[in-house]
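I opened this model to look up its overall build first and then a handful of single residues. My notes are set down below in the order in which I went through them.

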Amino acid sequence: MGFAVSLHLHPAIAGEPLLSVEEFTAVAGKGIKGNGEGRMFDRNNRRQVSMIEREQLVKHAESLRLPGFSPGEVRSNIETKGLNLIKLIGQNIRIGAAELRIYQPRTPCHKMDLLAPGLRKRMMDGQQGILAEVVQSGIVRAGDNITPLP
């Protein structure tokens with residue numbers, strides 16, 4: 001079992017820093033309520049929630065000789081500890097009151113190299129986090145346990 005270290009919402013204007021929040025509402029089939037102030041909610045696709053492991057971010061920072069990454073800086077909705085997210089692809093997880101289905105690795109975008117040259121390449125081959133879709137609606141809070149479901 002792992003847990004949600006921090007939660008983040010995309011801002012209204014694409015490309016601006018993510019907003020840290022203490023909780024959000026995940027809505028089945030639609031995503032995170034308020035993500036991108038609505039521009040990233042109910043887009044009729046599976047890309048509803050992004051997640052990455054804080055442990056992985058520490059390794060990336062060390063390999064790039066950086067002091068670290070601030071919460072939300074790598075543009076994931078949920079930063080976790082205690083789970084290997086890549087190994088959970090194809091499975092459902094419970095986080096807070098919500099249930100998510102992890103369906104594929106996240107593809108790092110060009111913004112990662114703007115953050116730190118070389119980061120995008122480091123975030124390949126199982127080192128980049130995952131994408132999930134919301135299966136059951138519920139509130140997710142920073143500090144919530146994350147449990148893989150059978």
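**Entry 1: ground rules.** I note that this is a predicted model, in which local features need pLDDT of at least 70 and side-chain atom pairs count only at pLDDT 80 or more, while totals for chains, interfaces and linings use all residues. Residues are numbered from 1 along each chain as its sequence is written, and side-chain values use heavy atoms, with hydrogens and water left out.

**Entry 2: the whole chain.** I looked up the secondary structure and found three helices and eleven strands, where helices (H or I, at least four residues) and strands (E, at least two) are DSSP runs numbered from the N terminus. Read along the sequence, their order is β-β-β-β-β-α-β-β-β-α-α-β-β-β. The radius of gyration is 14 Å, close to the 15 Å that the globule rule gives for 150 residues, so the chain is as compact as a globular protein of that length; this radius is taken over C-alpha atoms, and the rule is 2.2 Å times the number of residues to the power 0.38. I also noted that the C-alpha trace spans about 40 × 35 × 25 Å along its principal axes.

Of the 150 residues, 43% count as buried, where buried means under 20% relative accessible area, exposed over 50%, and partly exposed in between, with a 1.4 Å probe and protein chains only. The accessible surface comes to about 7500 Å², of which 51% belongs to carbon and sulfur atoms; the areas come from the Shrake-Rupley method with a 1.4 Å probe, and for residues only the protein chains shown count as cover. For contacts (heavy atoms within 4.5 Å), I found that residues 24 or more positions apart account for 75% of those with a separation of 6 or more.

I then turned to charge: the chain has 20 positive and 15 negative side chains, and the centres of the two sets lie 4 Å apart. Here Lys and Arg count as positive and Asp and Glu as negative, with His and the chain ends not counted, and the place of a charge is NZ of Lys, CZ of Arg, CG of Asp or CD of Glu.

**Entry 3: helix α1.** Which residues of helix α1 are buried? In this helix, residues 54–63, I listed R54, Q56, L57, H60 and A61. Seen down the axis of α1, these buried residues fall within an arc of 155°, so they line one face of the helix; the arc is that of the directions from the helix axis to the C-beta atoms. They pack against β1 (2–9), β5 (49–53), β6 and α3 (119–122). V58 also lies in α1, but at 41% relative accessibility I recorded V58 as partly exposed. The C-alpha atoms of V58 and G126, 68 residues apart along the chain, are separated by 15 Å.

**Entry 4: T80 in β6.** I next looked at T80, placed in strand β6, residues 78–81, and found T80 buried at 0% relative accessibility. Leaving out residues up to four places away in sequence, T80 touches F3, V5, M51, I52, E53, R54, E55, L85 and I146.

**Entry 5: the loop between α1 and β6.** R65, in the loop between α1 and β6, comes just after α1 and takes a positive phi of about 55°. R75 is found in the loop between α1 and β6 as well, and its phi is near 70°, a positive value in a residue other than glycine. Are these arginines buried or exposed? R65 is exposed, with a relative accessible area of 77%, whereas R75 counts as buried at 12%.

Entry 6: R122 sits in helix α3 and is partly exposed, with a relative accessible area of 28%. Leaving aside neighbours within four places in sequence, R122 is in contact with K59, H60, S63, L64 and Q127. R122 and A97 are 25 residues apart in sequence and 33 Å apart in space, C-alpha to C-alpha.

V21 belongs to strand β2, residues 19–21, and is partly exposed at 22% relative accessible area. Not counting residues up to four places away in sequence, V21 touches L7, H8 and L9. Between V21 and P71, 50 residues apart along the chain, the C-alpha separation is 11 Å.
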